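Subject: Handover of a structure and notes on it

Dear colleague,

Please find the structure below, followed by a short account of what was found in it. I would be grateful if you read the notes with the model open beside them.

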Amino acid sequence: MSLRIVMRGQQLRIDHISTDRQTGRKGMIAPLHRHPVFHLMYIAGGAGRFVVNGRESEASEGLLYIINPNEWHQFVGSEQQPLDNLECTFLLRNEDDEPEAANFFDWLEEKRGIAFPETIRNGPIRVPDRYRPFLLEGYRRLLDPASRYMMSDEHMSLMVADLLLRIEETVWQIGRADRHEHAGVRGGKEVDLLKGYMRAHLADALTLERLAQLVHWSPNYLCRVFKEHTGMAPMAYLQSLRMAEAEKLLLYTDLPVYAISDMLGYTDASYFARVFRRHRGRPPASYRIK
């Protein structure tokens with residue numbers, strides 16, 4: 001079995017290439033070039049100058065660079081403040097085992113159902129302090145000696161998938177905060193209350209009417225305001241939370257699928273499996289490595 005993710009309707013296999021923490025990087029690190037691999041590069045310290053697809057930026061602590069396959073890029077480290085960065089590289093291979101020139105942001109927009117502004121798509125993305133531990137844990141898992149030298153290729157693919165999910169959630173949260181800041185939409189406190197309530201009651205049989213009662217709104221008004229803030233209908237958002245939690249439980253626990261289904265409010269495990277496959281492109285049982 002090999003781990004696959006769905007992009008543009010294709011089942012793509014993750015092929016981990018390398019994950020490193022590189023320190024003290026000065027001068028020309030990499031001349032202008034391109035290749036079929038993804039770069040997920042986080043600046044942990046120091047400074048430098050990066051060029052990605054003709055866009056130049058000053059690299060500094062807290063910046064995340066998501067470089068898609070075949071995008072031209074160049075890295076230069078500062079002589080005075082040598083660069084310190086974490087970097088994961090990997091390929092996505094199609095059914096013919098050829099590298100696929102997919103785009104992270106196209107995938108994210110397809111999954112989330114909302115367009116991201118050019119400021120995020122063109123990067124780099126500044127990661128707020130509150131999200132950095134969550135993001136860095138993904139790199140830490142890949143850099144753990146047990147992962148680097150003892151795990152199978154399948155396990156390494158799972159770890160790359162975990163990092164991708166962490167980056168996806170981080171970028172989503174940053175984009176959501178930007179939308180709140182610039183849209184000036186109503187009902188922010190109520191929507192935040194509802195999102196927190198959903199996270200705390202994933203196993204409950206929540207209905208649109210119940211959620212509307214919590215904030216003293218009509219169901220129609222709730223749908224309109226909730227979508228202004230999140231880009232999703234309330235029940236679709238709840239389902240996305242459940243699927244994200246299911247993916248974590250499948251990756252990091254030995255709980256049987258029927259137990260995870262029950263924990264997330266699905267009384268019918270086969271229905272849960274169908275919903276999960278529709279969202280993630282593969283059945284829950286495929287996460288269980290033999």
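M28 stands opposite V76 in β8. The strand that pairs with β8 here is β3 (residues 27-33), and the two run antiparallel, joined by 4 bridges. Strands in these notes are DSSP runs of E with at least two residues, helices are DSSP runs of H or I with at least four residues, and both are numbered from the N terminus. Two strands count as paired if DSSP finds at least two bridges between them.

Please note that this is a predicted model, in which local features need pLDDT of at least 70 and side-chain atom pairs count only at pLDDT 80 or more, while totals for chains, interfaces and linings use all residues. Residues are numbered from 1 along each chain as its sequence is written, and side-chain values use heavy atoms, with hydrogens and water left out.

The sheet

β8 also pairs with strand β5 (residues 47-52), again antiparallel, through 5 bridges. In this pairing F50 stands opposite F75 in β8, and G48 stands opposite G77 in β8. β5 in turn pairs with β6 in the antiparallel sense over 6 bridges, where R49 stands opposite E58 in β6. The hairpin of β5 and β6 has 2 residues between the strands, and N53 takes a positive phi near 50° there.

Together these strands form an open sheet of 4 strands in the order β3-β8-β5-β6, with antiparallel pairing. β3 and β6 (55-60) are the edge strands; each has a single partner strand, so one side of each is left without a neighbour in the sheet. Neighbouring strands of this sheet are turned by 15° against each other on average, direction ignored; the axes behind such angles are lines fitted to C-alpha atoms, for helices over the stretch in contact, and angles run from 0 to 180 degrees between N-to-C directions.

Buried means under 20% relative accessible area, exposed means over 50%, and partly exposed lies in between (1.4 Å probe, protein chains only). In a regular strand the side chains alternate between the two faces of the sheet. In β8 both faces are covered: H73, F75 and G77 are buried on one side, and Q74 and V76 are buried on the other. β5 is likewise largely enclosed by the rest of the structure, because 5 of its 6 residues are buried.

The helices

In helix α7 (residues 208-215), the residues L208, L211, A212 and V215 are buried. Seen down the axis of α7, these buried residues fall within an arc of 100°, so they line one face of the helix; the arc is that of the directions from the helix axis to the C-beta atoms. Their cover includes α6 (188-200), α8 (219-230) and α9 (234-252). After α7 comes H216, whose phi is positive, near 60°.

Two packed helices are described by the angle between their axes and the distance between the axes. α7 and α8 pack at an angle of about 85°, with their axes 9 Å apart. That makes α7 roughly perpendicular to α8; angles under 35 degrees count as roughly parallel, over 145 as roughly antiparallel, 65 to 115 as roughly perpendicular and the rest as oblique. L208, E209, L211 and A212 of α7 make the contact with P219, L222 and C223 of α8, where contact means heavy atoms within 4.5 Å.

α9 and helix α11 (residues 269-280) pack at an angle of about 95°, with their axes 10 Å apart. That makes α9 roughly perpendicular to α11. Among the residues in this contact are M243 and L250 of α9 and F272 and F276 of α11.

A loop residue and the cysteines

A203 lies in the loop between α6 and α7 and is partly exposed, with a relative accessible area of 42%. Not counting residues up to four places away in sequence, A203 touches D262, M263, L264 and G265.

How many disulfides are there? With a disulfide taken as a pair of cysteine sulfur atoms within 2.5 Å, the count comes to 0. C88 is buried, with a relative accessible area of 0%, whereas C223 is partly exposed at 26%.
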